[in-house]
Amino acid sequence: MTTSYSLKVADARFGGFVRLLFRWRASFYKLLYKELLVYLVLYFVLSATYRIVLNGRQREYFEDISLFCNKHTDLIPVAFLLGFYVSVVFTRWWQQYTCIPWPDRIAALIGCSFMMPSELKDYDQLDSPHNKFWLPLNWFCNLVTKCRKEGRVEDPYTFRALIEESNNIRGSLAMLYSYDWISVPLVYTQVVTVAVYTFFVSCLMGRQWLDPGKGYTGHEVDLYFPIFTVLQFLFYMGWLKVAEQLINPFGQDDDDFETNWCIDRNLQISYLAVDDLYMTNPALERDIYWNQPDPELPYTEASISNRNMTEPFLGSTFDMRLNVQNMEFTNLHTVAEEPEDKQESSEGLENAPGPTIVVSEGEDSGKKLHGRNLIVLIPKNTSQM
């Protein structure tokens, strides 16, 4: 039931997304047209009552209520509530999909809900008040351990890979079970729903077109159709419908997961892995690119132009150029080593407070060492210290 339109937007072109607006299946028109029709009927009933049924005094009351609702409608934080709520629901929706187990990485039929009568008997005999989805995986681990002892699984790496993959599938099923058990807090869903519906109920009165002769601000013209109110309805109510559709992706909506297809596909892949594809491989032959380190792959007429425009990426600094002066090496100053006899004579002075050495670049008095001046400052009364 998932609606895919990836091919339609493979290339960015003029009116790319606009073309998607004319699709009916899985569109927000399909989700909203009933609510929109009901909303417009209520709006036009109130408008006709204001224009035809009410007298002068009653119309003034109607106008006061309309202005009051229009003034306080913005106090409802619809955008904030809806934005955060849809973000939570969307993240939850995608994580549920990533938790669907796939048997491609393990050559066994696991967790597809197909059992022999003897297996079903053993399953029912396990006395547990909790869900027992993990029991077939436990059987699988026991069989793998038995095969390891009998020598059917020769190396420990394969044995470890089978056990780890079984644990991964068990963890994915446990996460799906948890998502089914723990939903988005009901109070949050209720708050968002009440905020959206309250906002548009107040808009039924606040967005009415009033008599332009009264001089009300924002009512200089008299229209019959609420254009921008309908747009707000499509945006906000469509946002709410997105959350309603994604909060449980295992239903019958247009964008829900293809659960039946997943089960059929996993069953067929599992049987192929253990029956038809077990220890089978095509004969090894030399291909047409044998001993060619840089083969020329075939290109179609449509793709050869893209190949000519594509250059290998060699790094962002590959084309950086420096001038000749910046590329020259500079002479680093070196410090001359003292003879060993001078080092031995200075060992006795290590514990005494040493002199302070100041290095300067000027022409002041001092001992010159490789172009720099050394000024030795010896503290007073060093003999007493």
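Over the chain pLDDT averages 77, and 79% of the residues score at least 70. A contact means heavy atoms within 4.5 Å.

Residues are numbered from 1 along each chain as its sequence is written, and side-chain values use heavy atoms, with hydrogens and water left out. Because the model is predicted, local features need pLDDT of at least 70 and side-chain atom pairs count only at pLDDT 80 or more, whereas totals for chains, interfaces and linings use all residues.

The chain holds 12 helices and three strands. Of its 385 residues, 23% count as buried, where buried means under 20% relative accessible area, exposed over 50%, and partly exposed in between (1.4 Å probe, protein chains only). Among contacts with a separation of 6 or more, 67% join residues 24 or more positions apart.

An unreviewed UniProt entry annotates residues 36-54, 75-94, 181-200 and 221-239 as "transmembrane region"; its positions are given in the numbering used here, feature names are shortened, and annotations may be inferred rather than shown by experiment. In the model, the span 75-94 is 85% helix and 0% strand, with its end C-alpha atoms 32 Å apart. For residues 181-200 the end C-alpha atoms lie 32 Å apart, and the span is 80% helix and 0% strand.

How do the helices pack? Two packed helices are described by the angle between their axes and the distance between the axes. Axes are lines fitted to C-alpha atoms, for helices over the stretch in contact, and angles run from 0 to 180 degrees between N-to-C directions. Helix α5 (residues 135-150) and helix α6 (residues 156-181) have axes that come within 10 Å and cross at roughly 175°. That makes α5 roughly antiparallel to α6, on a scale where angles under 35 degrees count as roughly parallel, over 145 as roughly antiparallel, 65 to 115 as roughly perpendicular and the rest as oblique.

The contact of α7 with α8 has 10 nonpolar, three polar and no charged residues.

Which residues does Thr229 touch? Thr229 lies in helix α8 (residues 227-246) and counts as buried at 6% relative accessibility. Not counting residues up to four places away in sequence, Thr229 touches Tyr39, Phe200, Cys203 and Arg207.

Other residues also link parts of the chain that are separated in sequence. Ala79, in helix α3 (residues 78-98), is partly exposed at 41% relative accessibility. Beyond its neighbours within four places, Ala79 is in contact with Tyr236 and Trp239; its C-alpha lies 9.9 Å from that of Phe235, 156 residues apart in sequence. Tyr33, in helix α1 (residues 28-53), is partly exposed at 36%, and its C-alpha is separated by 9.3 Å from that of Leu234, 201 residues apart along the chain. In helix α6, Ser172 counts as buried at 17% relative accessibility, and contacts Cys99 and Pro101, leaving aside neighbours within four places in sequence.

Most residues other than glycine have a negative phi. Asn291 has a positive phi of about 60° although it is not a glycine. Asn291 is found in the loop between α9 (259-276) and α10 (301-309) and is exposed, with a relative accessible area of 67%.

Notes. Helices (H or I, at least four residues) and strands (E, at least two) are DSSP runs, numbered from the N terminus. pLDDT is the predictor's confidence in each residue, from 0 to 100. Ala, Val, Leu, Ile, Met, Phe, Trp, Tyr, Cys and Pro count as nonpolar, Asp, Glu, Lys and Arg as charged, and the others, Gly among them, as polar.
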